[in-house]
Amino acid sequence: MSAYTIAVLPGDGVGPEVVAEALKVLLALEKPFPGLRLTFSEHPVGARCYTETGSDLPESTLEACRRADAILFGSAGDPEVRFPDGTEIAPQITLRFLLDLYAGIRPIKKYPGVPPLLSGDPPIDYVIMRENTEGLYASRGAGVRVGDDVAVDNMVITRTGTERIVCHAFEIALQRQGAPEDGKRRVTCVDKANILKSMAFFRQVYDRVAGDYPDIERDYAYVDAFTVYQLRNPAFYDVVVAENMFGDIISDLAAATVGGMGMAPSADVGDRCGLFQPSHGTGPDIAGQGIANPVAQILSAGMMLTWLGERHNEADAVAAAQTIDRAVARTLTDPVNHTADLGGRAATAAVGDAVVEAIQKG
Ligand code: ATP
């Protein structure tokens with residue numbers, strides 16, 4: 001029997017709306033998986049928290065995240081609320097650095113029934129591994145501006161940081177069944193090694209790590225060309241590894257190919273902590289209307305269970321995650337359960353209810 005404490009940080013905008021649906025789904029797992037015990041504690045974070053308390057990530061919330069077995073995060077920020085230097089409230093990024101959540105895991109999977117963006121509706125099922133703690137975003141808050149004419153941000157690539165994300169990418173490839181197109185396990189290194197020294201170094205480290213995995217195919221793409229391949233031949237990809245900013249950009253494009261931001265879950269994990277949140281932000285244009293798609297948040301909760309199960313060698317948690325995935329897949333085959341972003345009219349809560357019902361039907 002396993003008991004896990006989950007720190008729940010709903011945050012701002014659509015965050016609380018979609019987190020409520022993910023919690024509903026997690027609670028529905030108690031019956032089919034009585035051995036799986038989850039206890040939840042909710043903590044403030046984000047723009048509203050900043051307005052009310054002067055901090056977007058209070059010490060008590062940070063402490064709860066450190067103590068919890070996993071963190072379920074909604075979304076945080078508000079275009080209208082900014083720090084005095086003009087930058088946006090983004091505690092999720094602060095948490096990545098403070099908890100060393102170096103691996104951004106973004107599964108890109110097209111579920112049957114979701115209206116296709118690409119002609120021919122190719123099978124899409126790959127994982128983007130985004131390095132989360134260095135790269136160009138290491139300059140966050142540390143760039144230099146000289147007068148009115150010059151501003152500089154540095155790309156930071158370290159051997160240790162690159163080795164661990166590339167290694168993680170190959171380990172994930174080992175667990176998968178290969179690319180939809182040909183069933184081959186492959187890890188694609190996405191970079192700009194033809195132009196930047198830092199990126200040539202990233203590729204060199206990738207090659208060094210790839211040597212430890214002779215059964216997995218090596219593959220390379222320059223980031224600009226990769227954005228074309230994502231649209232022309234997504235079925236070729238299995239696992240993709242990239243520096244922080246490139247990973248950020250190709251993840252958003254990838255999400256669009258499988259139904260949009262509301263369909264893209266993510267996990268930010270390190271060696272000790274794991275944070276699970278949808279790839280989307282606060283959706284300020286749709287917040288408060290009950291029309292956000294909760295699927296990305298629900299699938300992120302599923303990733304949380306997989307991570308907990310693998311970490312604690314707990315088959316029940318992994319099986320519960322698979323149950324979520326199957327229930328979501330079944331739910332999405334019926335257009336009645338599609339929210340506005342998928343061309344439907346379903347409310348956020350109705351989609352959560354449908355997933356719960358699919359779980360109950362087994
Ligand atoms: P933030 O600054 O918080 O990242 P944003 O507007 O820049 O906000 P997103 O919140 O990711 O970025 O929103 C991008 C687009 O995706 C918006 O049009 C939004 O309505 C849409 N979107 C985001 N999340 C969802 C969701 N769960 N369901 C449906 N549409 C969504």
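These legends describe close-up views of a predicted model.

**View 1**
The ligand is surrounded by 13 residues. The closest are G281, T282, G283, D285 and N293. By class, the shell holds 4 nonpolar, 6 polar and 3 charged residues.

Taken alone, the ligand exposes 610 Å². The protein buries 66% of that area.

Strand β10 covers residues 239-242. V239 and V241 point one way from the strand. V240 and A242 point the other way. All four of these residues are buried. In a regular strand, side chains alternate between the two faces of the sheet. Strand β5, residues 125-131, pairs with β10 in the parallel sense over 4 bridges. Within this pairing, I128 stands opposite V240. Strand β8, residues 186-191, also runs parallel to β10 and is joined to it by 4 bridges. Here V190 has A242 as its bridge partner.

β8 is mostly covered, with 6 of its 6 residues buried. R186, T188 and V190 point one way from β8. V187, C189 and D191 point the other way. The charged-class side chains R186 and D191 are thus listed among the buried residues of the strand. β8 pairs with β10 through 4 parallel bridges. β8 is also joined to strand β9, residues 217-222, by 6 bridges, and these two strands run parallel. In β9, Y220 is the bridge partner of C189.

**View 1. I108 in strand β4.**
I108 lies in strand β4, which spans residues 103-109. I108 counts as buried because its relative accessibility is 2%, and the cut-off for buried is under 20%. Beyond its neighbours within four places in sequence, I108 is in contact with I124, D125, Y126 and I128, among others. The list also includes S251, A254, A255, T257 and V258. Two of these contacts, D125 and I128, bring in strand β5 (residues 125-131). I157 is 49 residues from I108 along the chain, and their C-alpha atoms are separated by 25 Å.

**View 2. F40 in strand β2.**
F40 sits in strand β2, residues 36-42. Its relative accessible area is 29%, so F40 is partly exposed. Leaving aside neighbours within four places in sequence, F40 is in contact with I6, V8, L23, L26 and L27. S75 is 35 residues away along the chain. The C-alpha atoms of F40 and S75 are separated by 17 Å.

**View 3. G260 in a loop.**
G260 belongs to the loop between α8 (244-257) and β11 (265-269). With a relative accessible area of 16%, G260 is buried, since buried means under 20%. G260 and N293 are 33 residues apart in sequence. Their C-alpha atoms are 9.7 Å apart in space. N293 is also among the closest residues to the ligand.

Note on methods
Residues are numbered from 1 along each chain as its sequence is written. This is a predicted model: local features need pLDDT of at least 70, side-chain atom pairs count only at pLDDT 80 or more; totals for chains, interfaces and linings use all residues. Side-chain values use heavy atoms; hydrogens and water are left out. A residue is near a molecule or strand if one of its heavy atoms lies within 4 Å of it. Accessible areas come from the Shrake-Rupley method with a 1.4 Å probe; for residues, only the protein chains shown count as cover. Buried means under 20% relative accessible area, exposed over 50%, partly exposed in between (1.4 Å probe, protein chains only). Two strands pair if DSSP finds at least two bridges between them. Contact means heavy atoms within 4.5 Å.
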